[in-house]
Amino acid sequence: MGALDTLLQVQERDIALDRLQHRRQALPERQELARLDAALEALGRRRAEVGAVRQELSTRQEGLEAEVEAMVRRVGEIEGRLYGGQVSASRELSAMAGEVEHLQSLRSDREDQVLALMEEIEPLDADLASLDRERGRLEAERAEVLEAIRRAEEAIGAEEAEERRARRALAASIPADLMGQYERLRAKLGGVGAARLVNGSCTGCHLSLPASERERIRHLPPEEVVTCEQCGRILVR
Ligand SMILES: [Zn+2]
């Protein structure tokens, strides 16, 4: 087999390698991964929003509870004095009883507010739990997709290694200058540097060679390298 026929086989291996590279980049799982990443991001934003509202409500709840505790302590202090017997002036006693009554009423009001807040918080906690379950599902799905990508890349990698091995074996018998010319053309011409001449047409650009050019080529020695006048590719005849 001549060097040019072998070059065409190298070309076939290169096309196969280009296809494998394209397959690697265009794995459908990558779109699935992008969809899941977008869903997780949206979910993260939603969770942060709900979490911020919940945080604000529970901060308010804690503030009210602290107020209630302070009132309970204050009432305890006043009642200790009221019933401790140290205070005897009735005006003072009546003022203290009035303060206790006022504090109890305030406390009851704050406790109602706490209950109202707890009712507001409850559905938010349910939302957060549901968002967390959804995140768990999405993350599990994402891990499966990543694993599928890893397996697909591994399979493609094995095919690539096989194609490269075959290409190396073929390229070894091709003169270095012809190989260099092929590589330059291939880089410039969309991955195809050599094409077969079939019935007077270049299969690289699919144009017919002029009769005079066909005639000229016919008389050249078979090892002479000829390129297509139209596209510049190495013609294998
Ligand atoms: Zn051509």
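This is a short walk through the helices and the sheet of the structure above. It is a predicted model, in which local features need pLDDT of at least 70, side-chain atom pairs count only at pLDDT 80 or more, and totals for chains, interfaces and linings use all residues. Residues are numbered from 1 along each chain as its sequence is written.

Let us start with two helices (DSSP runs of H or I, at least four residues, numbered from the N terminus). H2 covers residues 28-82 and H3 covers residues 90-171; they pack at about 160°, with their axes 6 Å apart. Here axes are lines fitted to C-alpha atoms over the stretch in contact, and angles run from 0 to 180 degrees between N-to-C directions. H2 is therefore roughly antiparallel to H3, a label for angles over 145 degrees. Their contact has 33 nonpolar, five polar and 23 charged residues; Ala, Val, Leu, Ile, Met, Phe, Trp, Tyr, Cys and Pro count as nonpolar, Asp, Glu, Lys and Arg as charged, and the others, Gly among them, as polar.

H3 has another partner: H1 packs with H3 at about 165°, their axes 9 Å apart, so these two are also roughly antiparallel.

Strands are DSSP runs of E, at least two residues, and two of them pair if DSSP finds at least two bridges between them. S1 (residues 194-198) and S4 (residues 234-236) run parallel, joined by three bridges. In one of these, Arg196 is partnered by Val236 of S4.

Note on methods
Angles under 35 degrees count as roughly parallel, over 145 as roughly antiparallel, 65 to 115 as roughly perpendicular and the rest as oblique.
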